[in-house]
Amino acid sequence: THVLKIEDLHVAVGDKEILRGVNLTINHGETHALMGPNGSGKSTLGLAIMGHPGYEVTGGAITLDGRDVLAMEPDERARAGIFMAFQRPMAIPGVKMADFLRHATTNVRRPERKEGEELIPMREFRKELKEKMEHLRMDSEFARRYVNDGFSGGEMKRAEILQLAMLQPKFAVLDETDSGLDADAVRLASESIADIGHQKMGLLIITHHDKLLEHNPPDFTHVMLGGRLVETGGKELADELHRHGYDRIRKAYPEAE
Ligand code: ADP
Ligand code: MG
Ligand code: MG
């Protein structure tokens, strides 16, 4: 089974230390909810896992099945099976969803492939894409749209879920923070993630929506405060924070911020 392990991770943006010693182990098949007030460092953790160049790791380790993730370029991390859905995904005008997905899927399934070498065969890819889209109750027209170009919040979410379904990553970070989805879109996203099967990957879900967790109850809930995970619990901790906010946490860990 696969394990993503984060040990005493320190991350700085410029000369400001954002993460101050994060420890987190995600086993394949587990769902972890990451919560915490705005600015506590949740997105920074996701971006550091993906290797965003603006986020400098100043200490600690990230490993995937014992392999040093920090030594990998961002695209190697993706090929190794780590996926992140960005809070504000980039639009790629002129590139259709289907073509983007065919490249990305090929890269993950054939990690040794060199640039310019063959993609997975069109017929095979089309068939799989069609099946996955039907399963997720998505209109086939969606695959012909340009990636994130003029997408609504709900469409961006659907694009992200389609990527998850096609890429079948070992580990996925879903950063939902200010995605501005209405309740129906969140419910659809939650159902779709459950349809893909959280047992088939390790999930780290950053969310303020209890609805997103409805069909994906977290095995663990972590609370970030001031760049550290100050508390870990089960689903009941997520429920408590959704209901009552972070006052109790702030009082309990006054030195953390
Ligand atoms: P969260 O996702 O929990 O709301 P973030 O990880 O986005 O928190 O941010 C944590 C802290 O790091 C904040 O104080 C934020 O201003 C700072 N930060 C994050 N990214 C950058 C950046 N690219 N440039 C400057 N400051 C940043
Ligand atoms: Mg430390
Ligand atoms: Mg964030």
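I start with the core, so terms come first: a nonpolar core is a set of buried Ala, Val, Leu, Ile, Met, Phe, Trp, Tyr and Cys residues joined through C-beta atoms within 7 Å. Buried means 20 or more other C-beta atoms within 10 Å of a residue's own, with C-beta atoms placed from the backbone.

This is a predicted model, where local features need pLDDT of at least 70, side-chain atom pairs count only at pLDDT 80 or more, and totals for chains, interfaces and linings use all residues. Residues are numbered from 1 along each chain as its sequence is written, while chains are lettered from A and ligands numbered from 1 in the order written.

Core: I find 65 residues in the largest one, and Leu162, Ala172 and Ile205 touch the most other members. Helix 5 (residues 153–167) supplies the largest share of this core, 7 residues. Helices are DSSP runs of H or I, at least four residues, and strands are runs of E, at least two.

I then checked isoleucine 205 for contacts (C-beta atoms, placed from the backbone, within 7 Å). Leaving out residues up to four places away in sequence, its list includes Thr31, Leu174 and Leu212.

Sheet: 4 strands make an open, antiparallel sheet in the order 2-1-4-5, where pairing takes at least two DSSP bridges. Strand 2 (16–27) and strand 5 (67–68) have a single partner strand each, so one side of each lacks a neighbour in the sheet. Strand 1 (residues 3–13) pairs with strand 2 over 9 bridges; I noted leucine 9 bridged to valine 22 in strand 2.

Terms used:
Buried ≥ 20, exposed ≤ 12 C-beta atoms within 10 Å, placed from the backbone. Contact = placed C-beta atoms within 7 Å.
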